Amino acid sequence: MALLDGFPLDADITVSELRKEDVLAERLHIHHGLRLRRRNDVLGVVIEAEAWRAHTAYVHDLEAQIERHEDQAVRDLIARRTQDAQFVNATPEVINEIDRQYRELTDG
Amino acid sequence: MGENPPSPSEAIRVLYLVLGAEGIKIVPAYVAQDLANVRRAHTDDAEFSAAILAIAKELRIAHASPASYGVAIEHELAGWRRSKFSSTQSSDAHLRIVFRPAKPSGMEVLAFGDRDFPETVYFTAKNRLRR
């Protein structure tokens, strides 16, 4: 139920109340987000359009930050690995050597 | 391979086949190290095999158009690109490859591995240099 964390206790609306526009508007105005209930079951959530836009913008911003961090990590890796990198074709002899090293590294 | 999932050694053989394709260049020590790190990250045989097969598939796709596949790395001028992908349809994109188009054709593979485990992908080179 982690999805519901952050909703005030009374931030609820029932399925039948959902059809009443004034009730929906008033509760969204107060809480900005509501649990949609049928009896004791939570069927979903209803949030204000502006709150949804803010939420998606926030997620996009976090995703962009993650991408920037990952780019930095890759640049660090490139700087380290390309210092002495000798790129070769994976001939059968090279593959055998890779496999030997792999088994050595994994004790396999 | 029939109905059974491939064993780790079968999956590794598939990866070797892809790496051996015309035009793909590698650094053997990095491949061995990345492979070992994926093995450490995925101790379950089925998960490891799925990860290796996904890496092999991604490399094959990248090899088809290495200049445009994946994303270019920001502020990186040597043409390196990265791609993220998952080993199963239900998992998030936890795997990575780092590559660039080679001249006059083909692709150079710098790294592959799993994002979620600190011993893999982005930390491998650091560890190697410490030895």
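Predicted model: local features only at pLDDT ≥ 70, side-chain atom pairs only at ≥ 80, totals over all residues.
Let's start with chain A. It splits into domain 1, covering 2-47, and domain 2, covering 48-83. Taken over C-alpha atoms, the centres of these two domains of chain A sit 32 Å apart.

Chain A also carries an open sheet of 3 strands, ordered β1-β2-β3, and the pairing in it is mixed. β1 (12-14) and β3 (41-47) of chain A are the edge strands; each has a single partner strand, so one side of each has no neighbour in the sheet. On average, neighbouring strands here are turned by 35 degrees against each other, if you ignore direction. β1(A) runs parallel to β2 (residues 33-38) of chain A, with 3 bridges between them. If you want a spot to look at, find A:T14: its bridge partner in β2(A) is A:R37. Packed on this sheet is helix α2 (residues 21-31) of chain A, which touches β1 and β2 of chain A. The direction of that helix makes about 135 degrees with the direction of β2(A).

**Chain B: the fold in outline**

Now for chain B, which has 4 helices and 5 strands. Reading from the N terminus, its elements go α-β-α-α-β-β-β-β-α. Of the 131 residues in chain B, 47% are buried. Counting contacts in chain B with a separation of 6 or more, 53% are between residues 24 or more positions apart.

| Strand pair | Sense | Bridges |
|---|---|---|
| β1(A) and β2(A) | parallel | 3 bridges |
| β4(A) and β1(B) | antiparallel | 2 bridges |

**Where the chains meet**

The cross-chain pair in the table involves β4 (residues 88-89) of chain A and β1(B). Within it, A:N89 stands opposite B:K25.

How many residues does each chain bring to the contact? Chain B brings 30 residues and chain A brings 23 residues. On the chain B side, α1, β1, α2, β5 and α4 (124-130) each supply at least two residues. The largest share of that side, 9 residues, comes from α2(B). By type, the chain B side divides into 20 nonpolar, 3 polar and 7 charged residues.

Which residues touch the most other members of the largest nonpolar core? They are B:I52, B:I55 and B:V109, in a core of 42 residues. Both chains contribute: α3 (49-81) and α4 (92-106) of chain A each supply at least two residues, as do several elements of chain B, among them α1 (8-19), α2 (28-41) and β5 (107-114). The largest share, 10 residues, comes from α3(B).

Leaving out residues up to four places away in sequence, B:V109 touches B:I24, B:I26, B:L59, B:I97 and B:F99.

Terms used:
Residues numbered from 1 in each chain as written. Chains lettered and ligands numbered in written order. Domains from an automatic or database assignment. Core = buried A, V, L, I, M, F, W, Y, C linked by C-beta atoms within 7 Å. Buried ≥ 20, exposed ≤ 12 C-beta atoms within 10 Å, placed from the backbone. Contact = placed C-beta atoms within 7 Å. Pairing = 2+ DSSP bridges. Axes fitted to C-alpha atoms, helices over the stretch in contact; angles between N-to-C directions. Nonpolar A, V, L, I, M, F, W, Y, C, P; charged D, E, K, R; others polar.
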